[in-house]
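Dear colleague,

I am handing over the structure below, with the sequence alongside.

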Amino acid sequence: MDTRSFSPIDRLLGEIDKAIKVLTAPAHAARETPAAPAGESLSEADRILSARLMRVNHSGEVAAQALYQGQALTSRDPEIETALRQAAAEENDHLAWCQLRLAELDGRTSALNPLWYAGSFALGAAAGALGRGIGLGFVEETERQVESHLQGHMQRLNPADQRSRAILEQMKHDEMRHGAKAATLGAAPLPGVLRMAMRLTSRLMTRGSYWL
Ligand SMILES: [Fe+2]
Ligand SMILES: [Fe+2]
């Protein structure tokens, strides 16, 4: 185990490095993509719709990296930090699967991702600083909102797009597990204003990344 202590500047540089990697480098998944075998035939309109929806989901996973990263920085609780790092590794799979599918669909990632990363990092860091119960409550609420968002996207996708659907299905399954883990560790109910801020952020992101 690495026992070196890092100065605030070291940590800041580490965070900047991580942000640049998430925003610019291709992600590598530890698990193979759950996408069904290729061979679907989508109309041009459906391909464009799928690319837009997968761009939104990709942005959501960029934000997830930032949320976990921000929270791990301020939570100062080793048990939470371990759970966050484990979940972040699965979120990295999601990021890679969405990237892959976007490329297959001839789509592009959102130009707004740096904005979502910065905002989510700040939100995660604030939640981590509010103590164990709220920090875990924040994870639980995030995962709950993502899960219901993914359900909505699965309904909007053309049924012929089995590859995107299989990815969203596996992501939804993982998000449920992340939320359940946070509940087991002791998630507290969140203040209404924080829940509202989260919902607003997610709405902004969903709309923004759909078009840009
Ligand atoms: Fe995810
Ligand atoms: Fe998750």
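Glu 141 lies in helix 5, where helices are DSSP runs of H or I with at least four residues, numbered from the N terminus. Its relative accessible area of 8% makes Glu 141 buried, a word used here for values under 20%, with exposed for those over 50% and partly exposed for those in between (1.4 Å probe, protein chains only). Leaving out residues up to four places away in sequence, Glu 141 touches Leu 190, Arg 195, Met 198 and Arg 199, and contact means heavy atoms within 4.5 Å.

Before going further, please note that this is a predicted model, in which local features need pLDDT of at least 70 and side-chain atom pairs count only at pLDDT 80 or more, while totals for chains, interfaces and linings use all residues. Residues are numbered from 1 along each chain as its sequence is written, chains are lettered from A and ligands numbered from 1 in the order in which they are written, and side-chain values use heavy atoms, with hydrogens and water left out.

Next come the metal sites. The iron ion (ligand 1) is coordinated at 2.0 to 2.4 Å by Glu 61, which is listed with two OE donors, together with Glu 91 (OE), His 94 (ND1) and Glu 175 (OE); donors are N, O and S atoms within 2.8 Å of the metal (3.2 Å for Na, K and Ca), and because water is not among the atoms, sites may look incomplete. Along the sequence, the donor residues of this ion are spaced E-x29-E-x2-H-x80-E. Distant parts of the chain are linked in this way, as Glu 61 belongs to helix 2 (residues 44–75) and Glu 175 to helix 6 (residues 162–185), 114 residues apart. Both of these residues are buried, Glu 61 with a relative accessible area of 3% and Glu 175 at 1%.

Two helix pairs deserve a look. The axes of helix 2 and helix 5 come within 11 Å and cross at roughly 175°, the axes being lines fitted to C-alpha atoms over the stretch in contact and the angles running from 0 to 180 degrees between N-to-C directions. Helix 2 is therefore roughly antiparallel to helix 5, a label for angles over 145 degrees, whereas those under 35 count as roughly parallel, 65 to 115 as roughly perpendicular and the rest as oblique. The residues of this contact divide into nine nonpolar, six polar and two charged, where Ala, Val, Leu, Ile, Met, Phe, Trp, Tyr, Cys and Pro count as nonpolar, Asp, Glu, Lys and Arg as charged, and the others, Gly among them, as polar.

Helix 3 and helix 6 pack at an angle of about 170°, with their axes 11 Å apart, so helix 3 is roughly antiparallel to helix 6. Among the residues that make the contact are Glu 91 and His 94 of helix 3 and Glu 175 and His 178 of helix 6. By class, this contact has seven nonpolar, four polar and 10 charged residues.

Lastly, Pro 8 is found in helix 1 (residues 8–24) and is exposed, with a relative accessible area of 69%. Ala 122, in helix 4 (residues 113–129), is partly exposed at 46%.
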